[in-house]
Amino acid sequence: MITPSRSRFGRPFVALLLAALLALATGGVATTSAHAAATDKTLKVSLVGDIDTFNPFLAVLLSSTGLNRYQYEALTGYGKNSEPVPGLASKWTTNDDGKEWTYTIPGDRKWSDGEQVTADDVVYTYKSIIDTPALQEANGGLVTNVADVTASDPQTVVITLKSAQASNPGQEIPIVPKHIWSKEDATNFKADANVVGSGPFTITTYKTGQTVEMKANPHFWRGKPKIDGVTFVSYKNSDAAVQGLKSGDIDLVDGLTPAQYEALEKSDNITVHAGIGRRYQALAINPGAVDKDGKKLGDGNPALKDPELRKAIFMAIDKETIVKRVLDGLGTIGQTEMPATYKDYFGFADGHEAVPFDLAAANKVLDDAGYTKGANGIREDKQGKPLEFRLMGRNTESPHTQMADFVESWLKEIGIGVKTQMVTPDKVNEDSTLGKYDLYFTGWSLGPDPDFQLSINTCDSRPNADGSGNTSENNWCSPEFDQLFKAQHAELDKAKRADLVKQAFTTIYEAYVSDPIYYIKPLEAYRSDKVDGFITQPEKSGVILNQNGYWGLYGAELVSAESSDDGGTPSWVIPAVVVVVLLGAVGIVAARRRGGAAEDRE
């Protein structure tokens, strides 16, 4: 028998060597991939909703204004618990009569291109709004009491008011860099690429309907963020966004439905989060929209000018059922437009309360008002036309579709027909601004100070005939409300002001133009194997996204491959395996030298 020639190391060593090389090869690939993932320090966040514009003078939609909060700071900001904190200004003072506010901009406030933030930037921003009606769409209501804005020196701004006011005039208005914007036509400037801002992140590129890419600002005065950037990935709806989260295409998603939230609770490497919200969801009714000159705006059904008809609609909405059936209890029943998050201003004025859900009483209101039912059960207006209204909602929000089904059923019970249409958020914004609606689902996210929300309900907030200029929340005008707005605006006593604010919000409610159905409890989820460090606002039981600021993503940091629990191989394991294998090989050689004959057996 001829025995094949063998090396003195034998098959076991060859096997071990091949195993070591295989481990090194595959491990090298894994390590390289892990290293690539670790060096890609970009957070990916879902974006469900339209972008109207990133121009901060004009942006109104939540998606746009939310992203702008990461780019542009105001003179003063809101802290982790929504308390007033420094923004571009490190300190501010008022004179004895409360009409002069002085802000100091320190030397460490810089734009993302390295240029110093100066008082001239603030003057440019405020005067652009004050002097240009076309730039008043987003924040025009916040400057109606501003008499002048001047720079007493390069780092000091003085805002002079027409009369003393309770709210800080340096809050909420995003400041833009004069050295950039003064070279552009501000009314048409898109500001959606290579943006120069002062916040923790700035937009580099925007691909409509696809992505918004933001990079970390190395000059941000609080320090550069721990991540290199944020990419907002557009999805048509929350179902698609949830699939993106599960597959790892994105790291963070908000706007979940209760069913999605509960399903994700059972998913590996995904953490769900429910926080205290600052947003209400309402049914808005067109009371007969007019423009700033008092001329008819849009095509709202004229029957809705009757407050008794609008009241009956309020009485036909069962908010408790919507919270239970649509939100699965993850929300609270609405009262006024001020969410319960802000306790000082929450609730109705003394002696007032919400109209109860009562279909029988609603029918009686309509009977008494002279709206008789036809043979098909639908009532007729005073001109003999059927009471049939259009109901508009957002096609990106599944609760709108669910609520519409309930509303249609309830209004049919009181003799009102409803035709529902779900459209894009941008279309809802456009049509509601122009008064092209009868009923629609609306919602606003409020800041800690109610001044802005109240300001967009004044008679002065009515837009131009083409929808430009100021923004009117409810296309409604009331001299009584305007007096309350001015009174709360000027009241410096906190308790007295809170009472006036409640009266003002109660007046809106009792005009039956906006019926807050519920306060949203934001439902969010994130890949806990990829990201951590979120700062919620408020710090206890708060939210990650849709804050009064930038805290949520500013604090985020990506989880390294070594510390993640995703089933991957930590980078230190591969070298260790190779060393062990090679040591084993050495041991085999040594053993062979002592008694290698045993290894010759087949």
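This is a predicted model: local features need pLDDT of at least 70, side-chain atom pairs count only at pLDDT 80 or more; totals for chains, interfaces and linings use all residues.
The largest nonpolar core holds 61 residues. Within this core, Tyr126, Ile159, Phe232, Phe534 and Leu553 touch the most other members. Helix α3, residues 119-131, gives the most to the core, with six residues. Leaving aside neighbours within four places in sequence, Ile159 contacts Leu75, Lys99, Glu100, Trp101, Tyr103, Tyr126, Val146, Asp148, Val149 and Pro169. Another core, of 39 residues, lies apart from the largest one. Its members include Ile313, Tyr371, Leu391 and Ile517.

Helix α14 spans residues 494-510. Its 17 residues reach 24 Å from first C-alpha to last, close to the 24 Å expected at 1.5 Å a residue. Buried residues of α14 include Arg497, Leu500, Val501, Phe505 and Tyr509. The buried residues of α14 pack against helices α7, α8, α12 and α13 and against strand β18. Tyr512 follows α14 and has a positive phi, near 60°.

Helix α5 covers residues 238-247, and its buried residues are Ser238, Ala241, Val242, Gly244 and Leu245. These buried residues line one face of the helix, because they fall within an arc of 160° seen down the axis of α5. An α-helix has 3.6 residues a turn, so residues three or four places apart point the same way. The buried residues of α5 pack against strands β1, β11, β12 and β19 and against helix α6. At the start of α5, a side-chain oxygen of Asn237 comes within 3.2 Å of the backbone nitrogen of Asp239. Just after α5, Gly248 takes a positive phi of about 90°.

Definitions and conventions:
Residues are numbered from 1 along each chain as its sequence is written. Side-chain values use heavy atoms; hydrogens and water are left out. A nonpolar core is a set of buried Ala, Val, Leu, Ile, Met, Phe, Trp, Tyr and Cys residues joined through side-chain atoms within 4.5 Å. Buried means under 20% relative accessible area, exposed over 50%, partly exposed in between (1.4 Å probe, protein chains only). Helices (H or I, at least four residues) and strands (E, at least two) are DSSP runs, numbered from the N terminus. Contact means heavy atoms within 4.5 Å. The expected span of a helix is 1.5 Å times one less than its number of residues. The arc is that of the directions from the helix axis to the C-beta atoms. A polar contact is a pair of N or O atoms within 3.5 Å; within protein, one must be able to donate a hydrogen and the other to accept it, and residues adjacent in sequence count only if both atoms are side-chain atoms.
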